[in-house]
Amino acid sequence: MGIEQPLTGGMDPSAGVVRVGDTVRRPAGRSAVCSLLLHLEREGFEGVPRFLGTDDEGRDVLTFVEGDVPLPPYPSWALTDAALQDLGRLVRRFHQATATFDAASATGWSGEWADPQGGPVICHNDLFPENVVFRGGHVVGLIDFAEAGPGRPFWDLAIAAQEWAPLHAPGARLHHPDDLDGVRRTALLAHAYGVDPERAEEFVDVIAEERVQQLGNVRRHVAAGAEPWASFWRESEGEDRAAADDAWLQDQRSALIDAIRAPGP
Ligand SMILES: Nc1ncnc2c1ncn2[C@@H]1O[C@H](COP(=O)(O)OP(=O)(O)O)[C@@H](O)[C@H]1O
Ligand SMILES: [Mg+2]
């Protein structure tokens, strides 16, 4: 076997994801995720890793998706309006490709970050820039399906809006410049995805709902002292940032609804 090159991008450098030639090896994941990747291959959905099997160390073997993955602090090429629109269209196609997946036959999804209501598509549930592949300034792929599971499409879009628009308060952002207009860009994402303008308010409600669940998870891990998250949260003043984000999002609620409801470009 060739040289093992550690891959970084997740918060946890001990996650054990490595590249070997054209493949990626990860600690064995959930069989539901393997079935999902095989389904996407059958559907001809490009831009996600193919599941190739298991190596003799019991790790999952996936294809390496060639391209660049933006790591924090996010580079400007990852934060263009065009990239955000690419992402909206790709997530839409991804959801459509999962609508024909027999989710009932696949059990054992990770529920932690997933939509508690379940739903008609499989959501990625971890749509951070670190899990998106670019080529030539365009979004071409999604990786890291460890948290995927059934959900409402708005659940994934809520995560993407939060992490790409971003929906963090200017002045309290860690990885994005303060001058990115999170409200305008959330609408751009929604329009590229094809969100029905009539459902703008519902989408903004799901953004709030997803945020409550996400913060609950983070606080539970921090309280349990799980590293590296506990140190990161403390050192980056996570509670202060969360309070600033909550207040800002509340303030922006009607502006967000109006922007999503307005006709797209
Ligand atoms: N199939 C893949 N193709 C290309 N790059 C990958 C692939 N899998 C992982 N990577 C790279 O490795 C990093 C970490 O892998 P990821 O699957 O996201 O693990 P983690 O669970 O640690 O977030 C990613 O951010 C990306 O840069
Ligand atoms: Mg990742």
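This is a predicted model: local features need pLDDT of at least 70, side-chain atom pairs count only at pLDDT 80 or more; totals for chains, interfaces and linings use all residues.

Residues are numbered from 1 along each chain as its sequence is written, and side-chain values use heavy atoms, with hydrogens and water left out.

The structure holds 18 salt bridges, a salt bridge being a side-chain nitrogen of Lys or Arg within 4 Å of a carboxyl oxygen of Asp or Glu.

Select arginine 184 and aspartate 81 to begin, whose side chains meet in a salt bridge at 2.9 Å, N to O. Arginine 184 belongs to helix H4 (residues 182-193) and aspartate 81 to helix H2 (residues 81-98), so the pair ties together parts that are 103 residues apart in sequence; helices here are DSSP runs of H or I with at least four residues, strands are runs of E with at least two, and both are numbered from the N terminus. Arginine 184 is partly exposed at 40% relative accessibility, and aspartate 81 is partly exposed at 28% (buried means under 20% relative accessible area, exposed over 50%, partly exposed in between, with a 1.4 Å probe and protein chains only).

Next, select aspartate 86 and arginine 89, a salt bridge with its closest N and O atoms 3.1 Å apart. Aspartate 86 is buried at 11%, whereas arginine 89 is partly exposed at 44%.

Finally, select Glu4, Arg25, Asp55, Glu57 and Arg59, which are linked in a network of salt bridges.

How values were computed
Chains are lettered from A and ligands numbered from 1 in the order in which they are written.
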